[in-house]
Amino acid sequence: MIKIAPSILAADFARLAEAVQKVEAAGASYLHIDVMDGHFVPNITIGPPVIAALRPHTRLVFDVHLMIAAPERYLSDFIRAGADILTVHAEACIHLHRTLGAIKMAGVRAGVALNPATPLTAVEHVLDLVDLVLVMTVNPGFGGQKFIKGMLPKIAALRALIERRGLKAEIEVDGGINTQTAALAVEAGAAVLVAGSAVFLSDDPGAAVRALAAVSST
Ligand SMILES: O=C(CO)[C@@H](O)[C@H](O)COP(=O)(O)O
Ligand SMILES: [Fe+2]
């Protein structure tokens, strides 16, 4: 089963609870929350207080994508705020193995993300530690960018590697996902689709979630 993870980056920040309830009712699995610090990426978004404020409004799994430098400094703040999955960038962690171990030790799911230019070898030695690998299909920092098709072979190679090693990590794709690119990503091996603009900039976010789920299962 393919999972849909709407990204609130494209939602109206003044009406987040309402936006989240719409996608939950439409059958979304995860709520993708993009945290940016203005250092690791050239943009600043939200932090733990906004996540904590949203937590009582939904039962969706909070899939927190940390686009921040040295994320190990803030793991406990995000867990306390309500994160269920904490994904750190391989490029942002000097001690990636230690950071992923700390996330698991804290009792939440661990994810590792890869920028488009980062090869799979960067996560080869931590794959057994993670619940999720996030393959960025745009350069992180902004919503509304164009899907990079050159990432499809990377997704396929990751899928093969995970299967060959008998691991359970989910492959999540993030950036430029719409009904067309969703089909390509799923065909390559993705199991979780993040979508911001395609969901929250549409007139009917619930219908957009259902459309993505329908495309990806055909
Ligand atoms: O992490 C990011 C961007 O850095 C994403 O999660 C975006 O929020 C996806 O937005 P769309 O490309 O779907 O508009
Ligand atoms: Fe993201």
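At which residues does UniProt place the feature "active site" (unreviewed entry)? The record places this feature at Asp-34 and Asp-174. Although spread over 141 residues of sequence, the two cluster in space, with a largest C-alpha distance of 10.5 Å. UniProt positions follow the numbering used here, feature names are shortened, and annotations may be inferred rather than shown by experiment.

The structure is a predicted model, in which local features need pLDDT of at least 70, side-chain atom pairs count only at pLDDT 80 or more, and totals for chains, interfaces and linings use all residues. Residues are numbered from 1 along each chain as its sequence is written, while chains are lettered from A and ligands numbered from 1 in the order in which they are written.

We can begin with the two annotated aspartates. Asp-34 sits in strand 2; strands (E, at least two residues) and helices (H or I, at least four) are DSSP runs, numbered from the N terminus. Asp-34 is buried, because 24 other C-beta atoms lie within 10 Å of its own. The term buried applies at 20 or more such atoms, exposed at 12 or fewer, and partly exposed in between, with C-beta atoms placed from the backbone. Leaving out residues up to four places away in sequence, Asp-34 touches Ser-7, Leu-9, Thr-45, His-65 and Met-67; a contact means that the C-beta atoms, placed from the backbone, lie within 7 Å. Asp-174 belongs to strand 7 and is buried too, with 26 other C-beta atoms within 10 Å. Its contacts, again not counting residues up to four places away, are His-65, Leu-134, Met-136, Thr-137 and Val-194.

Beyond its neighbours within four places in sequence, His-65 is in contact with residues including His-32, Ile-33, Val-35, Thr-87 and Ala-113. UniProt lists His-32, Asp-34, His-65 and Asp-174 for "binding site" (unreviewed entry). These residues are spread over 143 residues of sequence, yet they cluster in space, the largest C-alpha distance being 10.5 Å.

A further "binding site" feature (unreviewed entry) in UniProt includes Ser-7, His-65, Gly-144, Asp-174, Gly-196 and Ser-197. Of these, Gly-144 is found in the loop between strand 6 (132–136) and helix 5 (152–164). Gly-144 is partly exposed, with 13 other C-beta atoms within 10 Å.

Of the 23 residues around ligand 1, Leu-9, Pro-140, Gly-143, Gly-196 and Ser-197 come nearest; a residue is near if its C-beta atom, placed from the backbone, lies within 6 Å. Strand 2 (30–36), strand 3 (61–67), strand 8 (192–195) and helix 7 (197–200) are the elements that give two or more residues to this shell. By kind, the shell holds ten nonpolar, eleven polar and two charged residues. Here Ala, Val, Leu, Ile, Met, Phe, Trp, Tyr, Cys and Pro count as nonpolar, Asp, Glu, Lys and Arg as charged, and the others, Gly among them, as polar.

Strand 8 also pairs with other strands, where pairing requires at least two DSSP bridges. Strand 1 (residues 3–6) runs parallel to strand 8 and is joined to it by four bridges, with Ala-5 partnered by Val-194. Strand 7 (residues 170–174) pairs with strand 8 in the parallel sense over three bridges, and Glu-172 has Val-192 as its bridge partner. Between strand 7 and strand 8 the chain passes through helix 6 (residues 179–188), a right-handed β-α-β crossover; right-handed means that, with the strands pointing away from the viewer, the path from the first strand over the helix to the second runs clockwise. Within strand 8, Val-192 and Val-194 point one way, Leu-193 and Ala-195 point the other way, and all are buried.

How values were computed
Two residues are in contact if their C-beta atoms, placed from the backbone, lie within 7 Å.
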